[in-house]
Amino acid sequence: QVVPAANEQVVLDQVAAATKITRVPKDLQPPLTIAPTDIGWNYGNTHCEVGVSASSEHKCTMGDPSGKKLLVLYGDSHAAMWIPAFVAIAVHDNWRLVVLAKGACPAAPVLTSDWSTWSDPGGVRSACEKWHLWAVRWINAHKPDLLVITQENFYRAPSVNGKPPTAFSESQWQGGLSELFMSLSTPRKRVILLGNTPSLLQPGPQCLAAHSKDVQACSTPVHLAVQALNQVDRSAAIAAGVKYVDPTPWLCRMTCTAIIGNYVVYLDSVHLTATWARYLENVLAQSLGLPPPDASLTSP
């Protein structure tokens with residue numbers, strides 16, 4: 001049973017203390033054997049997940065199905081990993097929640113190489129392009145009361161002249177984000193960009209299993225964990241009049257750790273466990289300007 005953090009300060013204190021953890025706690029949540037499959041989709045409707053070759057999806061509603069306010073979460077697998085927190089937030093405040101998430105396909109309408117091989121198979125890329133068009137049309141047609149966009153930004157641009165795919169330049173990524181914001185008819189005050197989460201240099205659960213008495217061997221310095229394009233995310237959002245929320249302080253100070261408190265933070269090296277997402281639900285809600293699911297916890 002996950003008891004969500006009362007407020008952001010509680011999490012910040014735990015993040016600061018996490019670098020002093022040396023041994024894997026006996027009451028670890030989730031257990032290391034389960035952590036790699038503790039995926040956000042498991043808390044929603046698995047039929048809502050968009051496959052690699054798919055370019056649209058049926059309407060998929062979570063939260064309060066009869067809620068009068070519509071909350072849309074749009075992005076890639078980094079949107080899906082937050083589902084447990086968004087479901088709790090939506091249920092508590094009577095929002096209908098629709099998740100539009102396609103793995104390995106960012107919300108920004110940029111052409112990407114296949115993430116697993118860094119090659120350029122036309123079918124996968126074209127599906128992602130069609131998905132962008134479909135998702136934005138759906139969003140504009142349904143006029144959400146709040147639209148939260150979140151995505152990984154460590155994608156590779158397609159190869160040019162036979163050269164290997166390379167990371168997006170700041171101008172390329174900024175252009176994609178600007179195009180996304182311009183394509184949306186949702187008023188800017190109702191759009192939030194939830195920033196990319198830091199990454200570990202090695203998968204958390206596997207590393208912890210191998211270093212149960214030396215937990216810090218699985219930590220990553222924050223300057224290596226935070227993606228270079230995060231600052232572009234922030235500046236592009238601000239330039240478009242979109243609120244930017246940085247989740248980095250909920251995971252790292254000077255160091256990003258695989259365990260915070262007695263929770264496994266990552267299910268691999270780049271995705272949060274569903275358990276940690278649930279733990280952050282009050283903090284996330286407050287950052288979005290929404291009532292925390294358990295208001296009693298947040299009282300001083």
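**Note on the sheet and a helix pair**

1. In S3, the bridge partner of Leu-71 is Leu-97. Strands and helices here are DSSP runs numbered from the N terminus, with at least two residues (E) for a strand and at least four (H or I) for a helix. Keep in mind that this is a predicted model: local features need pLDDT of at least 70, side-chain atom pairs count only at pLDDT 80 or more, and totals for chains, interfaces and linings use all residues. Residues are numbered from 1 along each chain as its sequence is written, and side-chain values use heavy atoms, with hydrogens and water left out.

2. Strands S2 (residues 69–75) and S3 (residues 95–101) run parallel and are joined by seven bridges; two strands pair if DSSP finds at least two bridges between them.

3. Zooming out, the open sheet has six strands in the order S1-S3-S2-S4-S7-S9, with mixed pairing. S1 (61–63) and S9 (243–245) are at the edges with a single partner strand each, so one side of each has no neighbour in the sheet.

4. Helix H3 (residues 83–92) packs on this sheet and touches S1, S2, S3, S4 (146–150) and S7 (191–194); contact means heavy atoms within 4.5 Å. The direction of H3 makes about 160° with that of S3 (axes are lines fitted to C-alpha atoms, for helices over the stretch in contact, and angles run from 0 to 180 degrees between N-to-C directions).

5. Elsewhere, H5 (residues 170–183) packs with H8 (residues 230–240) at about 35°, axes 9 Å apart. Among the residues that meet are Trp-173 and Phe-181 in H5, and Val-232 and Ala-236 in H8.
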